[in-house]
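Have the structure open as you read.

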Amino acid sequence: MSTDNNSQENNKIKNKEEQEKSKVKEYTIELKNLTKRFGEKVAVDNLSLNMEKGTLTMLIGPSGCGKTTTMKMINRLIQADEGEIKLNGTSVYDIDPVQLRRTIGYVIQEIGLFPHFTVYDNIATVPRLLKWDENKIKKRVEELLDMVTLDSSYAYRYPLQLSGGERQRVGLARALGADPEVLLMDEPFGAIDPINRLKLHDSFLEIQEEIKKTIVFVTHDINEAIKLGDKIAIIRAGKLVQYDYSAKILYNPANKFVENLLGQDRSLKALTLKKNKDFVSNEGVITVSKDTTEDEVLKLLQKKNQIIAFVLDKNDKLVGRYWLEKAKKDKVEINYDEEPILIEQNNTLNETLSTMFACGEKLLPVVDRRNKFKGIILLDKIFEEFNK
Amino acid sequence: MNLFQYISENYNKIIDLCMEHFFLFLFSLIITTIVGIAISIFATEEGKENIGKIIVSVTGAAQAVPSIAVIALVFIFVGIGKPPAIIALIVYGLVPIIFNSTSGILSVPREIIEAGKGMGFTKRQVLWKLKIPIAIPVIMGGIRSTATIIIGTAVIASVIGGGGLGDLIFVGLKLNRPSVLIVGAALSAIMAIIIDHILAYIEKLITPKGLKVKR
């Protein structure tokens, strides 16, 4: 019985693999037998890696493993000693390096915003290098500011006047300036404090869903890699150790090194693969407009036998929360929170779980990066997922 | 003979010496600025950062050499007259401008240059759109020190035939006529102050706004 099941299972897997093989994959970036030496030291050692169109590939490994060198060889900031790099089928060595770089978005850890340029001019950098029409540039800058959720009044500020998180958003907008197909990101969120980093992660994932760029993302943080990446390439001493979808790496680490990198709490990390938006429900959720009076809310809640109602403005943005509390026998008090605790749709279940523990709520509202209400998530649902 | 009497009797001569001093200064400043910045740009090119660092330490030390020593050396090797005086002014004036421009350009944050290159700036664009504008306050600081130093050194250069306000001071000293000496000293001091103010104003004008905003 059990052997039957196993063989069926195996067949299924085989079929799937064949299906995947038969699909012709579109590779945007192909690295073939890349080698780079710095003097005696071999930084990148015969590394081959293909990145599919529209995927976010994380390069991860200990510092000095050659991940940044690998990335910088793609836009030719570092010249490879041996091997081939193809971008959409064309060798990067057939393209003038300056022209090549104008077609590839680039974000570094320190961001490197130009301090003497306004936010507008920073974002307009590559379009101007490409001699776009000023009207077109203006439209593009406005569009990008909106995408990274910065108010248009930011356009004429200078980098020194921005917070770390805002600078990071401008850095991303600048890299997307001329709408490049490929984006290279070198630990872009490395210098940001943990709370802002979470927010930026969520916004970044949401933006990537909209724009579907081919992204190469260097990090040394395994949690970041699992959370953001479609695929993860683990590099050690210039060699590729394992390259696969995040889930596959998490469940089938290739060797001890990968296991150690993933850490002890792999089952808990698996929750990192799940995003809130797949567990949002709207069942029995009560929302009211800003104009609804307290009495009306109270009646509505009692009628529907619920204890929480969310207040939304005209644009469906979450602005507050009513909740009932049994004060004395049979007497119910209604309370209002102006800044309800909330989570973003691209937060992972992992993060949601810790938020729930931290604030002692079994139910949290879910919003997108513009604070638009999407539904709620329940603690029970997370436990269900964990038990699977 | 008192001071006012001297001035009113020698009005034209004083004005002439003033103009002579000013043009000596202006010519030397223009040459030192162009040559100094050119040397700094060359020494801070990518891959030549070590030359830049050597130049910073050499010019840093050279600032301690007294101006009279430079003038004496020029006198020995070139001789006497206007051209040797100008050579001495240019050589001595180059030191602060090279020191400031080189260290200013070298101190432009590495990540800004990398971001620029990574986005497709050419070498020339990295220099003129990033390095120079960001280093402007430091470069202007160098030009201001050079200007002050040239005006002061030009006074001393009159001993090798440079002319200018130095003539009044040395004549005053030799003939023991304080009023002549005071006119020469006061006018060169006033000229130095006015020119420093003008350059400070230019510095304010050309420093990019983004470098001056409050955090």
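Keep in mind that this is a predicted model. The place to start is its largest nonpolar core, which has 117 residues, with A:F217 and B:L89 making the most contacts inside it. Helix α7 of chain B, residues 123-157, gives the most to this core: 14 residues. There's also a second, separate core of 13 residues, and A:L301, A:Y322, A:V367 and A:F373 are among its members.

What does B:L89 touch once you leave aside its neighbours within four places in sequence? The list runs to B:L24, B:S28, B:I150, B:T153, B:A154 and B:A157.

**Where the chains meet**

The contact between the chains draws on 21 residues from chain A and 17 from chain B. On the chain B side, α6 (110-118) and α7 each put in at least two residues, and α6(B) has the largest share, with six residues.

Just after α6(B), B:G120 takes a positive phi of about 100°.

**A helix pair in chain B**

Two packed helices are described by the angle between their axes and the distance between the axes. Take α4 (residues 67-77) and α5 (residues 82-106) of chain B: their axes come within 9 Å and cross at roughly 135°. An angle counts as roughly antiparallel over 145 degrees and as roughly perpendicular from 65 to 115, so α4(B) and α5(B) are oblique to each other. Their crossing is right-handed.

Here's who makes the contact from each helix:

| Helix | Residues in the contact |
|---|---|
| α4(B) | B:S67, B:V70, B:I71, B:V74 and B:F75 |
| α5(B) | B:P84, B:I87, B:A88, B:V91 and B:Y92 |

How many of the residues in the contact of α4(B) with α5(B) are nonpolar, polar or charged? By class, nine are nonpolar, one is polar and none is charged. As background, nonpolar side chains tend to be buried together in soluble globular proteins.

Note on methods. Residues are numbered from 1 along each chain as its sequence is written. Chains are lettered from A and ligands numbered from 1 in the order in which they are written. This is a predicted model: local features need pLDDT of at least 70, side-chain atom pairs count only at pLDDT 80 or more; totals for chains, interfaces and linings use all residues. A nonpolar core is a set of buried Ala, Val, Leu, Ile, Met, Phe, Trp, Tyr and Cys residues joined through C-beta atoms within 7 Å. A residue is buried if 20 or more other C-beta atoms lie within 10 Å of its own, exposed if 12 or fewer, and partly exposed in between; C-beta atoms are placed from the backbone. Helices (H or I, at least four residues) and strands (E, at least two) are DSSP runs, numbered from the N terminus. Two residues are in contact if their C-beta atoms, placed from the backbone, lie within 7 Å. Axes are lines fitted to C-alpha atoms, for helices over the stretch in contact, and angles run from 0 to 180 degrees between N-to-C directions. Angles under 35 degrees count as roughly parallel, over 145 as roughly antiparallel, 65 to 115 as roughly perpendicular and the rest as oblique. A crossing is left-handed if the near helix is turned anticlockwise from the far one by less than a right angle, and right-handed if clockwise. Ala, Val, Leu, Ile, Met, Phe, Trp, Tyr, Cys and Pro count as nonpolar, Asp, Glu, Lys and Arg as charged, and the others, Gly among them, as polar.
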